[in-house]
Amino acid sequence: LEYGTGMGATDGIDSSFGEYELSPVPSPGVFDVRWRIGGTHGVRRDVRDTVGGSHQQIIYTGQMQGGPGGYPFHLRWNRPELPSGTFTLRDGNGGVYFTVNMKQYDSIAITSADVETFQILYDAGNAVYSTVQQNWNIVSLPVILGDRRRTTLFPSSASNAFAYTPTGY
C-alpha cells in the first residue's frame, strides 16, 4: 500500500496521482489489504491534499483480510522516508488493540482477528509549505517561529537573507 500527500489531491480517487478503484473485496479466507475511500471498493494508493499554512491532520484508513495463514498480520514501513510531523498507527477501534509511533518503530504484528481495519494519523503540525524558484525570491513568514534563521528555514539557500526596513533592504 502507498499513501502520501500532493498539492490538489482530494479525499476521493485521483487518477492523476495514480489512484484507481479496486475490485470488490474477495471472499473470506483470501488475503486482501486496501485503503478505504468512501463510496468505493478501495484503493492501493491514497494521496491526500497538502494544505499549506494551516494545521493539518490526515487519517488514512486501511482494511485487511487474512488469507489462508490467518493471523498474525504484519505491517512494515520505512521510517526514514516519513516526512516531518507525527505518524501514529492504531487499530480501527481507536487504539484499543495497539497504538504505535511510526517514527520510533518500523513494523507491527497484528495478532487479533478482531482487528479488521487500521488507521495512520498524520499530523503535519503547523507546517507552512512554499515553492521557490531558481534565483531570487521574496518570501514572508506568515507564522511566529522560535528559530527564524535562514539556515533553518531554507537550508539549501545559496545566499544571505535580507529583511525590509523603512529605509530599504
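Throughout these legends, a residue is called buried under 20% relative accessible area, exposed over 50%, and partly exposed in between (1.4 Å probe, protein chains only). The structure is a predicted model, in which local features need pLDDT of at least 70 and side-chain atom pairs count only at pLDDT 80 or more, while totals for chains, interfaces and linings use all residues. Residues are numbered from 1 along each chain as its sequence is written, and side-chain values use heavy atoms, with hydrogens and water left out.

**Figure 1. Overall organisation of the protein chain.** The protein chain has nine strands and one helix, where helices (H or I, at least four residues) and strands (E, at least two) are DSSP runs numbered from the N terminus. Read from the N terminus, the order of elements is β-β-β-β-β-β-β-β-β-α. Of the 169 residues in the protein chain, 30% are buried. The accessible surface comes to about 11,100 Å², and carbon and sulfur atoms hold 51% of this area; accessible areas come from the Shrake-Rupley method with a 1.4 Å probe, and for residues only the protein chains shown count as cover. Contacts are defined by heavy atoms within 4.5 Å. Among contacts in the protein chain with a separation of 6 or more, 66% involve residues 24 or more positions apart.

**Figure 2. The salt bridge between Arg 45 and Glu 2.** A salt bridge requires a side-chain nitrogen of Lys or Arg within 4 Å of a carboxyl oxygen of Asp or Glu, and the count by this rule is five. In one of these, the side chains of Arg 45 and Glu 2 meet with an N to O distance of 2.3 Å. Arg 45 belongs to strand β3 (residues 45-48) and Glu 2 to strand β1 (residues 2-5), so the pair ties together parts that are 43 residues apart in sequence. Arg 45 is partly exposed at 31% relative accessibility, and Glu 2 is partly exposed at 41%.

Figure 3. The side chains of Asp 11 and Arg 48 form a salt bridge of 3.9 Å, N to O. Asp 11 is placed in the loop between β1 and β2 and Arg 48 in strand β3, so this pair ties together parts that are 37 residues apart in sequence. Asp 11 is exposed, with a relative accessible area of 57%, whereas Arg 48 is buried, with a value of 11%. Arg 48 also forms a salt bridge with Asp 46, with the closest N and O atoms 2.9 Å apart; both of these residues are buried. Through shared partners, the salt bridges join Asp 11, Asp 46 and Arg 48 into one network.

Figure 4. Asp 32 is found in strand β2 (residues 32-35) and is buried, with a relative accessible area of 7%. Its side chain is joined to that of Arg 34 by a polar contact of 2.7 Å. Such a contact is a pair of N or O atoms within 3.5 Å; within protein, one must be able to donate a hydrogen and the other to accept it, and residues adjacent in sequence count only if both atoms are side-chain atoms. With residues up to four places away in sequence left out, Asp 32 touches Val 25, Pro 26, Arg 44, Gln 63, Met 64 and Gln 65.

Figure 5. Arg 79 lies in the loop between β5 (73-76) and β6 (86-91) and is partly exposed, with a relative accessible area of 36%. The C-alpha atoms of Arg 79 and Met 102 are separated by 6.8 Å, although the two residues are 23 residues apart along the chain. The side chain of Arg 79 reaches the backbone oxygen of Gln 104 at 3.2 Å.

Figure 6. Pro 72 is located in the loop between β4 (56-65) and β5. Most peptide bonds are trans.
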